[in-house]
Amino acid sequence: MSEQIKPDLILPLNRKWFAKIWNGEKNIEYREVKPYWTRRIGSWTVEREVKFVMFQIGYAKDGPRLLVQVLKVDVGECPYEGWDGMYYRIQFEIVQPYLKQDGVYTPMLSMPKMKELK
C-alpha cells in the first residue's frame with residue numbers, strides 16, 4: 001500500500017458494516033472477547049499509544065480500504081440484537097479512504113457514498 005501510516009491491524013468486514021463506516025453511520029467496531037481477539041487487541045484497552053486499523057471488505061484483494069485512527073478500546077456489550085456476551089469496542093475516526101488504481105492503493109481526495117447490499 002502506498003500510505004505512509006502503516007496499520008497496526010487489518011480487519012475484514014462484510015459489505016454492510018463496511019458501507020456503514022464508509023458512509024459515516026458507524027464509528028465503533030465490535031469484536032467478541034475471545035482468545036483470538038484478546039491476543040490482537042486486548043492490550044489496546046490499557047495502552048495509550050495511537051493505533052491505526054485498516055478496514056476492508058472481506059478478504060477482497062482489490063476492494064476499497066479505510067484507514068482509521070483508534071480513539072478508544074474498551075470492553076462491554078454490543079447494541080446489536082442477537083450479539084450476546086462481551087465485546088471489544090473499538091471507537092475510531094476515519095483518517096483516509098483508499099482505492100486500488102493501476103495495481104496500487106492510493107488515497108482518495110473525497111468519499112462518495114457507498115451503496116449497501118441487502
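Val-33, Val-75 and Met-86 form a nonpolar patch on the surface of this predicted model. Together the three residues have about 220 Å² of accessible area. Patches are built from residues with over 30% relative accessible area and no salt bridge; nonpolar side chains (Val, Leu, Ile, Met, Phe, Trp, Tyr) are joined within 5 Å, like charges within 9 Å. Accessible areas come from the Shrake-Rupley method with a 1.4 Å probe, and for residues only the protein chains shown count as cover. Met-86 lies in the loop between strand 4 (65-76) and strand 5 (87-101). Its relative accessible area is 43%, so Met-86 is partly exposed. Buried means under 20% relative accessible area, exposed means over 50%, and partly exposed lies in between (1.4 Å probe, protein chains only).

The model is predicted, so local features need pLDDT of at least 70 and side-chain atom pairs count only at pLDDT 80 or more, while totals for chains, interfaces and linings use all residues. Residues are numbered from 1 along each chain as its sequence is written, and side-chain values use heavy atoms, with hydrogens and water left out.

The protein contains 2 helices and 6 strands. Along the sequence, these elements follow the pattern β-α-β-α-β-β-β-β. Helices (H or I, at least four residues) and strands (E, at least two) are DSSP runs, numbered from the N terminus. Buried residues make up 38% of the 118 residues. The protein exposes about 7400 Å², of which carbon and sulfur atoms supply 51%.

Beyond its neighbours within four places in sequence, Ile-41 is in contact with Leu-9, Arg-31, Val-73, Tyr-88 and Ile-90. Ile-41 and Ile-90 are 49 residues apart in sequence, yet 9.1 Å apart in space, C-alpha to C-alpha. Another pair is Thr-106 and Gln-96, 10 residues apart in sequence and 9.7 Å apart in space, C-alpha to C-alpha. Thr-106 lies in strand 6 (residues 104-107). At 22% relative accessibility, Thr-106 counts as partly exposed.

Charged pairs come next. Side chains of opposite charge can pair when their charged atoms come close. A salt bridge is a side-chain nitrogen of Lys or Arg within 4 Å of a carboxyl oxygen of Asp or Glu. By this rule there are 9 salt bridges. One of them joins Asp-62 and Lys-100, with the closest N and O atoms 3.0 Å apart. This pair links distant parts of the chain, 38 residues apart: Asp-62 is in the loop between strand 3 (51-57) and strand 4, and Lys-100 is in strand 5. Asp-62 is exposed, with a relative accessible area of 55%. Lys-100 is partly exposed at 32%.

Asp-74 forms a salt bridge with Arg-89, and here the closest N and O atoms are 2.8 Å apart. Asp-74 in strand 4 and Arg-89 in strand 5 are 15 residues apart, and the pair links distant parts of the chain. Asp-74 is buried, with a relative accessible area of 16%. Arg-89 counts as partly exposed at 23% relative accessibility. Salt bridges that share partners also join Lys-26, Glu-29 and Arg-31 into one network.

Rings of Phe, Tyr and Trp (its six-membered ring) pair if their centres lie within 6.5 Å; planes under 30 degrees apart count as stacked, over 60 as edge-to-face and the rest as tilted. The whole structure holds 8 aromatic pairs. In one, the ring centres of Trp-17 and Trp-83 are 6.1 Å apart and the planes lie at 75°, so the pair is edge-to-face. The two residues are 66 apart in the chain: Trp-17 is in helix 1 (residues 15-22), and Trp-83 is in the loop between strand 4 and strand 5. Trp-17 counts as buried at 15% relative accessibility. Trp-83 is partly exposed, with a relative accessible area of 30%. Ring pairs link Trp-17, Tyr-30, Tyr-80, Trp-83 and Tyr-87 into a cluster.

How values were computed: Contact = heavy atoms within 4.5 Å.
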